[in-house]
Amino acid sequence: MEFPILLTILLAPVAAALILAFVPKEEHMLIKCVAAVGTFVSLALSLFAYFTYDKTVGGLQFVFGHNVTWIKDLGVTFFLAADGISLPMLLLTNLIGFSAVFASWNVNNRPREFFILLMLLITGVMGTFIAHDLFIFLLFYEVVVIPIYILVIIWGSSKRVTKEYAGMKLTIYLLIGSAFLLVGVIALFVKTTALAGTPDMSFTGLAQAAAQLSRFDQIWLFALMLFGFGSLVSMWPFHSWSPDGYAGAPTAVSMIHAGVLKKIGGYGLVKIAVYMLPVGASFWAPYMAVLGVCGVAYAALGALAQKDLKYIVGYSSVSHMGYVILAVACLDVIGLNGAVANMFAHGVMAALFFSMIGFIYEKTHTRWIPDLGGLARQTPRLAAGFMLAALASLGLPGLVSFIPEFTIFISSFHNYGGLAVIGIAGIIITALYVLRAGANTLFGPPRPEYDHLQDIRGPEMVPLVVLGTVLVVGGLLPSLLFDVINSSVVPLHAAISDALQIGGKF
Amino acid sequence: MLVEFALYHAWLVPLLPALAFGVIVFLTRPWPKLSAIVAVGSMAVACFFATLAAYGVFTNHEFVEKPLVYATRWFSLGLPGMPEVQIDVGVQLDPTSAMMLFMVSFIATFIFLYSIGYMEGDPGFSVFFSYLSLFGASMLLLVISSNLLQMFVAWGLVGLCSYLLIGFYSHKISAREAAKKAFVTCRVADFGLLLGLLALQIVFGTLNLTELSEKIAHFEEYTTFGMLTLIAVLVFIGPIGKSGQFPLHVWLPDAMEGPTPVSALIHAATMVVAGVYLVGRTLFLFHEVPSAMQLVAVTGGFTALFAATIAITQREIKRILAYSTVSQLGYMMLALGVGSLTASMFHLWTHAFFKALMFLGAGSVLHALHHKADVWEMGGLYKKMPITTWTFVIGGLAIAGIPPFAGFWSKDEILVATLSEGHYVLFAVGAFTAFLTAFYMWRMIFLAFFGEEKPENHPHESPWTMTVPLVVLAVGALGAGWVGTPWHNVWAEWIFFGHPHHGPVNYGAMLLSIVLAAAGIYLAYMLYLKDAKKKRARRLAEWFGPVYRMLYNKYYIDELYLWFNHALVDGTARLMYLFDIYVVDGIVNGIGGFAKLSGDGLRVFQSGRLQNYALIFFLGVLAVAVLMAFTGPSAASLVLGGVK
Amino acid sequence: MLAISLTHYVVLSALLFSIGLFGVLTKRNAVAVLICIELMLNAVNINLVAFSKYVTPTDFIGQIFSIFVITVAAAEVGVGLAIIIAIYRNRLSVNLDDFDWLKW
């Protein structure tokens, strides 16, 4: 039997969490090391999986448990598999998970509970990306929500809004979204079971059966899923949980949330909603494009008005997710490639950004830009990391986010013309707010009250090194990312266009 | 053999400084001297390879018609066999790029060397050299790019280096703001360029320069004329920003906040000409669209004149030089706009030498005077700083257009090209600008280097690392133009668009430009040197008070942009934010509030009094009993929730 | 001589139940409420026994059931009084109007 690599990746953090439960709660160092080892195992294995994925064959690989029945009457199997769309997301999760452990190196308030919850959170996120069964997908998704809530209200910080409000808003918003999603999923399941005769919850099974759904069914089912996934990916106007949530959350949670959790929405849109309901998708695509562009422009302007660093990145991530929505709305090979790649790029960049802001906050005890300034002199490495993230955020050519954005621009300009131009104009505003934040935080005359600050060092450097490397390497060699994604987007797109052609005949 | 190697491994040229960047950042940062050696050494080796490659190109006339191109796939999307998008990275060597390759690496080498002296003792010495190396790598990559997207990447990277280096003294608020301004202004321009590239990719399905040039020649098969015009205009927005053309020139004078070697290398000799170079590279596109050419020419001509008028009134030495750079870039654009790649690239080539020379000279002066920048506070420096002064004078003669200095030949070439294409107005603008150029340059030279010495200044000549580059560049400023004299124009045989043109020698234009240059210098002499008290100059300024103030304040364009940015953009942003937290969030909180409100309403029934509950319970039972009595058990069971 | 029919028992039971219910709903004293509850339960007992006697005289289901009710009622009064005493010790009151701590 083949080595169950996906299962190992999934269970390594769980194992770490179990071990943590037995570690004495005073052993802070040991706790952190166990967490680091757990996430490192996952990271190493997912890197291995990423690079051994056979791009020439494409499709689902590393399949595990497709015959392990979970609930027989519902056709649920514990089906884990990875393709070119889920692998980058899996890798992203582990890159960020590993970095998040080190970004939380200075958590000394109940670290054992903190890291156990963090491990569970990472497991849940990973599970959503490698599940190939809709039920298992939803199951892992719900696993994610609860740790987030606890992490925010215990370890979070209160600024404009209290951390309790932030945690509550985040959780309830996501639950409402997932409630709609659940209704959509149940309706889809009931209808496809009626059509196919036997219940089957696997993505492929559902997609095959859903091809026979009527146009009307596809449209309203897609609308439900769009709302569910859309509020998860902070699609305008369902985005308002995002800035508040990030601002309230502790660093590691902001990193994971902005970095990967949000991507579950985009991933679900591509791999579940569009894949299963292409006719519905093509009906809603223009509306999605409008919402995407609104999100880009609106959130970029929103970010411009912020003075709290975390709010800036919060709004900025809404803005970047607007590009993903816009790209998905294009429904062509270039756009879908761009959507997935941009999710990866934004994840790395947002995580680095949040970790650097986390360190700034930890050291200066403020995130309020007017109170900061001149940190480049006192903490040069921190400043370098911050600038790197900032430049990636504005899509500097040569960093990982440029090519994904470029492909999105090609596709959206091609499909939506003038509308896309408004979205592309977002890069100017992005440059404005990102550079303004960087300049006012890092440059200018150094402030004497920060003279004693210790630059990041030792374990604190890990996020910068890991994520920074990905930012640069991914930017210089985009084919590393795109070849994998492309190998799965091409068949996906072929399936969509087939379905659309059949749909056209009715 | 070695030439062959250099030709086919031209990617080594940008790679070497890129490696130096990595080495300095990760290894040698704690040792400034070593960092400097790494940077200068790698650039010198790169320059050596570049020279070999250029030699290889300029000895083989085949490359004029058929550039040497080798490329590899960078990424592609779609089916492997027939990708929907494929972007290659590679090298395209033809005389134009070979010339740029040599020029950039040559000037960079000497400016790196100069920086050792200029930056001595600075706490960020190593960092400075790492940035310089990164810049060298990006600029050289831009020059050899075979693909427009590759060029755009390098374009972005040089912009980044420019940002980092302008803001090098980041503890100064002015430097910080200037860096930001430069980046954002160029970003606005990049937006246009990006749209242009997207349109090119969508319409023609490729961004490779050679393929594009073939396809655009038959553009009717792909698109309409209107679309092509739009693309050309969009592409041109990029160079407007990068090469400081009106109205996006505002960042370039402010960019002088950076250390002087940076101004010399990036904001005079190399990066700012990237825009000109890009238009030159894509001239096949503009050539198809006469209106776009017209736009390029008018923008260039107007910028040349516009910047020259501002330069007359400025006081800071580097600011004057910056406006003169803007003005000279305008000349280059003008030349492109009238369709003469030859003249444009020729001016680019000579300008690189004399402008880099003048910036380095200015740096030498600032170094000696401890960064006192106002030319009115200098004077008589020639006694203490002979090398700086005389090299600077050579630069001044070159830019003013006095034969046989380099600037004369190239400026003459541009004016002749403008005239021969029938653009009489633009010719007049160009000629008048030449007069202004001579005037304001020599105003600066007379004020700073000659006249009376100021007792409070204690100037001294700079160390050899600074003077050697000055001398080398002075030789360039003197002789770089000799390759393109009207009598024997070697330059035009190699670098041209379409076909080389050998017009007759236009002695009239030549004479006119010499007379104008001499007149400018004479006027400056009369006003600023002969008249020791500068009474006449002051009186002139008073007579033309409003005009003088408008020029001195740069036509208030900065203020306009500032207003636009702060009032309009920030205002909208604030509005959006308020909308977000009150309306969008208000709706979200409102939904939450609705749930809370209904709870508030319903909880009245939870009085906590046992007897109330019992009463309600009893009434309920009573109601059911009554219902049963009058309607029979089925209706009552309905009330009870369908229990049978 | 008027024979005592089922109707009499039912009327008596109804009266007793209503008196008990009235007491439960209106009495302020918790002990009195408990007593009234006993009245209601006994009304039920009367019903049970009466119906058993007149409708199914052969089997004793009603009687047995009423014995259960008496048992449960005793237990209930025991627990109820215990709670009331416990509350009284804390609050020095057996007034039901004071016992509204369960409200929202």
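This is a short walk through a two-chain structure, and please keep in mind that the model is predicted.

Let's start with chain A as a whole. Chain A is built from 19 helices and 4 strands. Along the principal axes, its C-alpha atoms fill a box of roughly 70 × 55 × 40 Å. How does the radius of gyration of chain A sit against that of a compact globule? For 506 residues, such a globule would come out near 23 Å, and chain A has 22 Å, so the two agree. On burial, 65% of the 506 residues in chain A count as buried. And if you take contacts in chain A with a separation of 6 or more, 81% of them join residues 24 or more positions apart.

Now let me zoom in on one residue, A:Ala351. You'll find A:Ala351 in helix α13 of chain A, which spans residues 333-364. Is A:Ala351 buried or exposed? It is buried, because 31 other C-beta atoms lie within 10 Å, and the cut-off for that label is 20 or more. Leaving aside residues up to four places away in sequence, A:Ala351 touches A:Ile96, A:Ser99, A:Met255, A:Ala258, A:Gly259 and A:Leu467. There is also A:His257, 94 residues away from A:Ala351 in sequence, yet 8.6 Å from it in space, C-alpha to C-alpha.

Last stop, the place where the chains meet. The contact takes 39 residues from chain B and 42 residues from chain A. On the chain B side, β1 (68-77), α7 (148-166), α8 (173-204) and α26 (557-602) each supply at least two residues. Of the elements on that side, α8(B) gives the most, with 13 residues. By class, the side of chain B that touches chain A has 24 nonpolar, 7 polar and 8 charged residues.

Thanks, everyone, and I'm happy to go back to any part of this.

Terms used
Residues are numbered from 1 along each chain as its sequence is written. Chains are lettered from A and ligands numbered from 1 in the order in which they are written. This is a predicted model: local features need pLDDT of at least 70, side-chain atom pairs count only at pLDDT 80 or more; totals for chains, interfaces and linings use all residues. The radius of gyration is taken over C-alpha atoms; the globule rule is 2.2 Å times the number of residues to the power 0.38. A residue is buried if 20 or more other C-beta atoms lie within 10 Å of its own, exposed if 12 or fewer, and partly exposed in between; C-beta atoms are placed from the backbone. Two residues are in contact if their C-beta atoms, placed from the backbone, lie within 7 Å. Ala, Val, Leu, Ile, Met, Phe, Trp, Tyr, Cys and Pro count as nonpolar, Asp, Glu, Lys and Arg as charged, and the others, Gly among them, as polar.
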